[in-house]
Structures are given as structure tokens and as C-alpha cells.
Amino acid sequence: MPITPATATHSSSNGAADAILLELVDENGVTIGTAEKLSAHQPPGRLHRAFSVFLFDEQGRLLLQQRALGKYHSPGVWSNTCCGHPYPGEAPFAAAARRTYEELGVSPSLLAEAGTVRYNHPDPASGLVEQEYNHLFVGLVQSPLAPDPEEVGATVFATPAELAERHARDTFSAWFMTVLDSARPAIRELTGQSAGW
């Protein structure tokens, strides 16, 4: 796994780990400052920039990931291919490509912008709040996956029908349906009508 700011251990001069900062934004997505990652998710939550990636195989099936059990936020739940937060000043597209590689060990063969969505989703299990201005991306994956077990518990490619079955049976992230529904126009354009999205 490559060493990046997200995976490296940084120490300051006093030996403490450096905080991960998120970009705070206003309702129009304009940057207004930064906040430490965990504090931005404490109730009532602070609106911050995020991204969500939806990758599909050549059959039009969506790559889902189950978040690793060790994650502090929404551990063990199923969600879209990849999601996260750009570093302050990092372009959302670059962050989406970076985290997809860090989490799943694969670079999309195609990645395109699919709009934005703003939401407020409390997570009852953790008590944290997702107040996000989320940049959506859709794309194709054509290489074998090599998930990082510290990030990803499991992966599966799902048709719309298989996703509906899994969604009825398993626990998904609080934001999953919001980002999926917002990305659907771009997903349909990417996968075609026959895929059923």
C-alpha cells in the first residue's frame, strides 16, 4: 500500500499525531475554513466537503464495500464504492481517485463528475453526524481489487436487484441512499438503460 497523508503516521515535535483536517464549506460549497475530522462530525455537525464514488464493472454492476469493523464512523456497514473527505485545498476529483486506490488498491479506468448533494444524516449507532456537501463521481473499474483490510471488510458487485435484496437484509451507511439517488442520472448515462439503474 502506498504511503500517503491518509495512511502515514505523522508526529509533531511533541510526539502527538497530527490531526486530520477537513474543509468546512457554506451552503454553496464555498470554503470557509477547516476543522479537525472528528470534531466536524460531533453533533450537531459542521458542514464540510466530502466525496462519494460509484464504480461499475463492464456488466453494469455496482461495486459495494463493507466498511472495516475498525473504522470509528459507521463500522461494518455496507456503502458505495468509496467515500471520504478531500484534504483542505485538495480537488475532490483528486481525493476520490486517491482514496479509491488507498482503500481498494485499484485506479478507475474512467472517473467522471456526477454533481453534488448536501445532506444532514445523524448516525444513531455512533452518535456522530454527517453534515456534508458531497461531490459525486461515477466510473468504471476493470482491474482486480486489492482492498486494504484496515479500510474495507468485504466487497461485492451488485445488480440493482441484488442491491435491493442486500439493502433489505443488511445495514447500510446512513448516507448511502441519498448519494445513490443523487448520482442516478449519471449512473444511467454511464451504464445504459439495460443495466436497470
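Analyst: Helix 4 (residues 176–191) spans only 19 Å between its end C-alpha atoms, whereas a straight helix of 16 residues would span 22 Å at 1.5 Å a residue. That expected span is 1.5 Å times one less than the number of residues. Helices here are DSSP runs of H or I with at least four residues, strands are E runs of at least two, and both are numbered from the N terminus. This is a predicted model: local features need pLDDT of at least 70, side-chain atom pairs count only at pLDDT 80 or more, and totals for chains, interfaces and linings use all residues. Residues are numbered from 1 along each chain as its sequence is written, and side-chain values use heavy atoms, with hydrogens and water left out.

User: Where does helix 4 bend?

Analyst: At R184, by about 55°, and a proline, P185, follows within four residues. The bend is the angle between axes fitted to the seven residues ending at a residue and the seven starting there.

User: And which residues of helix 4 are buried?

Analyst: F176, V179, L180, A183, R184, A186, I187 and T191. Buried means under 20% relative accessible area, exposed is over 50%, and partly exposed is in between (1.4 Å probe, protein chains only).

User: Which side chain makes a polar contact with E132 at 3.0 Å?

Analyst: That's H85. Another polar contact, of 2.5 Å, joins the side chains of E132 and Y119. A polar contact is a pair of N or O atoms within 3.5 Å; within protein, one must be able to donate a hydrogen and the other to accept it, and residues adjacent in sequence count only if both atoms are side-chain atoms.

User: How many salt bridges does the structure hold?

Analyst: Twelve. One of them joins E23 and R49 (2.6 Å, N to O). E23 lies in strand 1 (residues 21–25) and R49 in strand 3, so the pair ties together parts that are 26 residues apart in sequence.

User: Are those two buried or exposed?

Analyst: Both E23 and R49 are buried.

Terms used
Salt bridge = Lys/Arg side-chain N within 4 Å of Asp/Glu carboxyl O.
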